[in-house]
Amino acid sequence: MQEVPSPGNLILRKAIWYEMIITGSAILVRSGSSQGVIEALEAVPEVTIQARSDSGTELIVNLEADDSTALDDLCARLKRSIPAIVDISHVSVHFEDEVERMIGRSKQQREES
């Protein structure tokens, strides 16, 4: 993925390092394996299962991690320990309140200039 330089990108990069990350993620599962995957995911405290498709090949979950490194580690650990997981895609990412604080500081700095 190519990154376009902008103040927004800088804000998100900084937020990744300072605040807890909560994602809305889609997990693609091998056909016929959904029940075992669900049982394994239920044992992981950082994972909350929200929904599954009728076919059972797609799960919607929330993942929680302290920072981007921890999120990457969690996804790698899930894929390694649950072989029926084909892919994990983050649909939405929430960075707690850090982004708003950073935007507020930026606005205040512009007003002081």
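Is Arg77 buried, partly exposed or exposed, and at what relative accessibility? In this predicted model, Arg77 counts as partly exposed, at 36% relative accessibility.

**Close-up 1. The salt bridge between Glu46 and Arg77.** The side chains of Glu46 and Arg77 meet with an N to O distance of 3.3 Å. Glu46 belongs to the loop between α2 (34-42) and β2, whereas Arg77 belongs to helix α3, so the pair ties together parts that are 31 residues apart in sequence. Glu46 is itself partly exposed, its relative accessible area being 27%.

**Close-up 2. The salt bridge between Lys79 and Asp87.** This pair is one of the 2 salt bridges that the structure holds, and the closest N and O atoms of Lys79 and Asp87 are 3.8 Å apart. Lys79 is partly exposed, with a relative accessible area of 36%, and Asp87 likewise counts as partly exposed, at 31% relative accessibility.

**Close-up 3. The two faces of helix α3.** Helix α3 (residues 68-81) has 14 residues and reaches 20 Å from its first C-alpha to its last, close to the 20 Å expected at 1.5 Å a residue. Its buried residues are Ser68, Leu71, Leu74, Cys75 and Leu78; seen down the axis of α3, they fall within an arc of 120°, so they line one face of the helix. The face turned away from this buried side carries the exposed residues Asp72, Arg80 and Ser81.

Close-up 4. Ala51, which lies in strand β2 (residues 47-52), is partly exposed, with a relative accessible area of 36%. Leaving aside residues up to four places away in sequence, Ala51 touches Glu58, Leu59 and Ile60. Ala51 and Val61, 10 residues apart in sequence, are 7.1 Å apart in space, C-alpha to C-alpha.

Key:
Residues are numbered from 1 along each chain as its sequence is written. This is a predicted model: local features need pLDDT of at least 70, side-chain atom pairs count only at pLDDT 80 or more; totals for chains, interfaces and linings use all residues. Side-chain values use heavy atoms; hydrogens and water are left out. Helices (H or I, at least four residues) and strands (E, at least two) are DSSP runs, numbered from the N terminus. Buried means under 20% relative accessible area, exposed over 50%, partly exposed in between (1.4 Å probe, protein chains only). Contact means heavy atoms within 4.5 Å. The expected span of a helix is 1.5 Å times one less than its number of residues. The arc is that of the directions from the helix axis to the C-beta atoms. A salt bridge is a side-chain nitrogen of Lys or Arg within 4 Å of a carboxyl oxygen of Asp or Glu.
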